[in-house]
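This report describes the fold of a single chain, from its secondary structure to its overall dimensions. The sequence and model are shown first.

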Amino acid sequence: MFWYQQPPRSGLKLIASTTSWMDNSNEDGYSKTKFEVRRESKNYSVMTIKNLTPKDEATYFCAASNH
């Protein structure tokens, strides 16, 4: 599963990805302490954004892949 951020008037930015083995990987600039991703099961993932600031204003998307 993949988590994306789309700030206003900007393109999608990959935040983090998780594997079916529950292995999380955050992209540069997106710390695991601020953008906490949990893979609860094969088909379910949750992202929590901590200590929100105005810079975090965006639309957030989750995408899944069968690969």
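## Secondary structure and overall form

The chain contains 0 helices and 6 strands. Read from the N terminus, its elements therefore follow the pattern β-β-β-β-β-β, and with a radius of gyration of 12 Å, close to the 11 Å given by the globule rule for 67 residues, the chain is as compact as a globular protein of that length.

The model is a predicted one. Along the principal axes, the C-alpha trace spans about 35 × 20 × 20 Å.

## The open sheet

Four strands form an open sheet in the order β3-β2-β1-β6, and their pairing is antiparallel.

Strand β1 (residues 2-6) runs antiparallel to β6, and 5 bridges join the two. Within β6, T59 is the bridge partner of Q6.

## The β4-β5 hairpin

Strands β4 (residues 35-41) and β5 (residues 44-49) pair in the antiparallel sense over 6 bridges. A hairpin of 2 residues connects β4 to β5. In this pairing, E36 stands opposite T48 of β5.

## Burial, contacts and surface

Of the 67 residues in the chain, 25% are buried.

Contacts between residues at least 6 apart in sequence include 35% that join residues at least 24 apart.

Key: Residues are numbered from 1 along each chain as its sequence is written. This is a predicted model: local features need pLDDT of at least 70, side-chain atom pairs count only at pLDDT 80 or more; totals for chains, interfaces and linings use all residues. Side-chain values use heavy atoms; hydrogens and water are left out. Two strands pair if DSSP finds at least two bridges between them. The radius of gyration is taken over C-alpha atoms; the globule rule is 2.2 Å times the number of residues to the power 0.38. Buried means under 20% relative accessible area, exposed over 50%, partly exposed in between (1.4 Å probe, protein chains only). Contact means heavy atoms within 4.5 Å.
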